[in-house]
Amino acid sequence: MLDWQGVDTVLLDMDGTLLDLHYDNHFWFNHLPRRYAETHGLTLAQAEAALMEEIEGRRGTLEWYCLNFWSRELKMDIPAVLREIEDRIAVRPHVEDFLSNLRQMDKRVLLVTNAHPDGLTHKLERTGIDRWMDGIVSSHDLGHAKESPDFWPVLREHSVFEPNRTLFVDDNEQVLAAARDYGIAHLLCIRQPDSRGPLRDITDFPAILHFNEIIEIAPK
């Protein structure tokens with residue numbers, strides 16, 4: 001359990017933290033390669049090889065998360081292709097109970113995501129999790145990915161918070177390391193961001209499987 005008396009602001013990642021990362025992983029590693037192969041007359045193996053080279057070369061950058069960039073680069077309407085599998089968008093277990101409890105405790109809650117605004121809007125339309133938020137920040141609006149040390153001071157100017165009284169939850173250890181280096185006092189990592197993926201061993205940060213581990217949720 002966290003010492004909630006020492007937390008005023010809660011910063012929450014979206015994909016892999018509040019929402020199941022299965023949607024994104026299935027899109028980038030399964031659905032998109034098939035559609036890319038169909039669009040450009042390639043075999044599936046050729047499409048997978050070409051995409052992996054492009055994607056891995058930009059991991060952790062703002063371009064990696066930019067749907068406009070990938071639409072231009074791949075000559076496809078990426079937001080439209082994403083919507084083809086929108087039924088896979090899902091809220092992770094215990095998330096809504098957790099967000100409800102944060103509101104009851106009168107904590108300030110900000111969604112802080114690397115998601116491109118188009119994808120962000122789509123996911124909020126599907127899930128409605130924005131109703132729990134006091135603010136929503138996309139790294140695309142600030143000009144730096146969350147992995148960058150430049151992101152955090154800009155975020156603090158945009159959405160004022162005290163790092164020593166802030167909890168930040170994310171599934172990306174590189175992002176958490178950047179937040180730690182900036183001085184965010186309370187950090188948590190999600191151990192299984194993809195419900196169909198492995199349960200990860202997290203050694204550098206406190207880690208949870210689900211949010212019911214850090215706040216008592218009354219049985220329904």
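The model is predicted, with local features requiring pLDDT of at least 70 and side-chain atom pairs pLDDT 80 or more, while totals for chains, interfaces and linings use all residues. Residues are numbered from 1 along each chain as its sequence is written, and side-chain values use heavy atoms, without hydrogens and water.

The largest pocket has a volume of about 690 Å³. A pocket here is an open set of points on a 1 Å grid over the protein atoms alone, where a 1.4 Å probe fits and protein lies on both sides within 12 Å along at least five of seven lines; lining residues have an atom within 4 Å of a point. The volume is the space filled by probe spheres set on the points.

The lining holds 32 residues, and Asp-15, Leu-21, Asp-24, Trp-64 and Tyr-65 lie nearest the centre. By class, 13 lining residues are nonpolar, 8 polar and 11 charged. Helices H1 (22-40), H3, H6 (117-127) and H9 (173-182) each supply at least two lining residues; H1 gives the largest share, 5 residues. Helices are DSSP runs of H or I with at least four residues.

Lys-75 sits in the loop between H3 (67-74) and H4 (78-83), and His-94 in the loop between H4 and H5 (95-104).

Terms used: Ala, Val, Leu, Ile, Met, Phe, Trp, Tyr, Cys and Pro count as nonpolar, Asp, Glu, Lys and Arg as charged, and the others, Gly among them, as polar.
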